[in-house]
Amino acid sequence: MSNPRPNLDLERLADRHRRMHRIRAFEEQAVAALEEGLVLGAIHPSIGQEACAVGVVGSLAREDLLLSTHRGHGHTLEKGASAAAMMRELFGREGGNCGGKGGSMHIADFSVGMLGANGVVGANINIAAGAAHAVRLRGERRIVCCIFGDGAVNRGPFLEGLNWARVFDLPVLLVCEDNAFAATTRTAAMTGGPGPGARAEALGIPAHTVDGNDADRVADAAAELRNRILGGGGPQFLWARTWRLTGHTAVDKAAYRDAEEVAERWKDDPIARAAATLQAHGVAGETLAGHREAAVAEMHAACEEAKAAPWPETAALYADVQDVGDPREAAFRW
Amino acid sequence: MVTTTYLEAGRRALAEEMRRDPTVWAVGEDLGRGGVFGQYAGMVEEFGPLRISDAPISEAAILGAAVGAALAGTRPVVEMRFADFALCAVDELVNQAAKARYMFGGQGGVPLVVREPMGMWRSSAAQHSQSLEAWYVHIPGLTVVAPSTPGDNLRLLKAAIRSDDPVVYMEHKDLWGIEEELGEDEPPGALGIARTVCEGSDATVVSWSAMVRHAGAAAEALAEEGVSVEVIDLRTLWPWDRGAVLASVRRTGRLVVAQEAVSAGGFGAEVAATVSEALFGKLKAPVKRLGAPRVPIPYAKPLEDMLRVGSDAIAAAVRAQLRARLPKRT
């Protein structure tokens, strides 16, 4: 699976390998914490898809804006959110990115331009188009990146949002992170036509396909498309084909796939692939193992810290609903 | 003073806010040609097509894009053409706009205004006539405004645009042409404050939007019979001015709530329940709700008229309340 290339930048790939391990370790710790009842609600692991997060989001600038999905831990980490704050959020604790009021599916960190995961498939596409609309209205030099899954291409906002991005010529990078499954259904079984790229092309948006398990290739493609957008090239579409190695949610055993197929796919694990390439070029196994160990230690510490964090104060229940009106019925005494 | 229609008042509010704040912009179908009712006439000439933006017939994208544009630092004013069409963008309004500030823990807000022309008007039938204000009142995070006069349309639309939270702004199509003398300088109004249309001591009639006119006409008719009716225009439905309503009913002891919407599950039920809970011992008659029966709005005018709550129905309800005898309390 190693894929040597003449102009391979070992240092850069090693860094991507390290960052993929951070995402993997974050999610493994979160799944374990869910089993312990510490993570409260549903989480959607992106195990096997880390090359997309590292490649796409790692190619963005801090000032770029990002809209993500319910399967967005990797995207959020890569945009620069603190792993400790994210773990607190998953635990529903004070000091979480959203004060414990959003959880995994609504995680956001505006301070690093991460404008939100989304619990509704495809809903982030119109929002991203609108954020790009604001970027254009304000004359800012940055892009908006919207990552959605293959399931989203069958929702109306995919058509409406892509058309919007095209007709207003907006600086938005649309990334279909295709993990082959829409919840527990094979997307191909429920999708007409030749796929996401063709749909984008039909709306006049240049589409590019990339091996979504190759962190370097994803990163190269994303960086190139970002440059085209900044150069006035209008919206760009990237179809990154990967495979979801675990279930739809952390509790989904994914029995709808046979073990052989899954085992075969594990051979294409993006982290293992990066490791194989690095080793083939002389990077020491110790270095690679060190990436894993450091990531596990960091995320374990994040879990311990989250465990010790207090619950949100009662006042948080009523905070940030809206400026006017009192949300408490009982606030009125007769 | 300038004679201003309800429609012109909305246009003036938007134009004045756009001159004041460069981050305010409007987007919707046909805006470059003035909008479906002419509410945006002449505006693209002043502000250009970037700030008075046309849109594809993509309600979900219009509203969803407004959410993104609001999160990214602008103040979009969204035109939905008819309140009925806004139903194509319910996810964007209810799941996204209304919740972003809360579920992101206050990191960002969604300062957008959704203009939803509402109500029965010229035989527009089932898909262009609805009054769905109660749906939005039910959603935490949304402010709901339903002005009944040109002056309020001017002042409350300004307030809505300056609000840092999403506002569902429901203008009634049957009011576009009504006129009022307005000053050269009209500051924004306050959201959540009712207006006492006329004072009275025998009964309180609460209404909003186009129904306020009928409530006023009923009060005039009853005055000739020696009955003194207080009419309250809520103006905003969330937040709504419970204090003003309760103070009035505490004095009059009688409440009629009149609405154009379907009565079942309508906002009138909220007013009626609140008054019943708070003032049970002070009521001289059971609270009366008036509204439409639970049928889609028909096209034929005689049928449509049968759904309308008019001043006669309001006056009759007040008369019935004056005749009502409550069981003596021991």
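Because the model is predicted, local features need pLDDT of at least 70 and side-chain atom pairs count only at pLDDT 80 or more, while totals for chains, interfaces and linings use all residues. Residues are numbered from 1 along each chain as its sequence is written, and chains are lettered from A and ligands numbered from 1 in the order in which they are written.

Chain B holds 12 helices and 14 strands; these are DSSP runs numbered from the N terminus, with helices being H or I over at least four residues and strands being E over at least two. Its radius of gyration, taken over C-alpha atoms, is 20 Å. The globule rule (2.2 Å times the number of residues to the power 0.38) also gives 20 Å for 330 residues, so chain B is as compact as a globular protein of that length. Along the principal axes, its C-alpha trace spans about 65 × 45 × 40 Å. Of the 330 residues, 58% count as buried, where buried takes 20 or more other C-beta atoms within 10 Å of a residue's own, exposed takes 12 or fewer, and partly exposed sits in between, with C-beta atoms placed from the backbone. Two residues are in contact if their C-beta atoms, again placed from the backbone, lie within 7 Å. Among contacts in chain B between residues at least 6 apart in sequence, 80% link residues at least 24 apart.

Now for the sheets, in which two strands pair if DSSP finds at least two bridges between them. Seven strands of chain B make an open sheet with mixed pairing, in the order 3-2-4-5-7-6-12. Strand 3 (52-53) and strand 12 (236-238) each have a single partner strand, so one side of each is left without a neighbour in the sheet. At the strand 3 end, two bridges join it in parallel to strand 2 (residues 24-27), with Ala26(B) partnering Ile52(B).

Another open sheet of chain B has five strands, ordered 9-11-10-13-14, and its pairing is mixed too. Strand 9 (195-198) and strand 14 (288-292) are the edge strands, each pairing on one side only. Strand 9 runs antiparallel to strand 11 (residues 229-233), over three bridges; in strand 11, Ile232(B) is the bridge partner of Thr196(B).

The contact between the chains takes 41 residues from chain A and 41 residues from chain B. On the chain A side, helix 5 (123-137) and helix 6 (156-167) are the elements giving two or more residues, and helix 5 gives the most, with 11 residues.

The peptide bond from Trp238(B) to Pro239(B) is cis, with omega near -5°, and Pro239(B) is found in the loop between strand 12 and helix 9 (242-252). Arg235(B), in the loop between strand 11 and strand 12, has a positive phi of about 65° although it is not a glycine. Arg235(B) is buried, with 25 other C-beta atoms within 10 Å. Ala125(B) also has a positive phi, near 65°, and lies in the loop between strand 5 (113-115) and helix 6 (133-137) of chain B. With 15 C-beta neighbours inside 10 Å, Ala125(B) counts as partly exposed.
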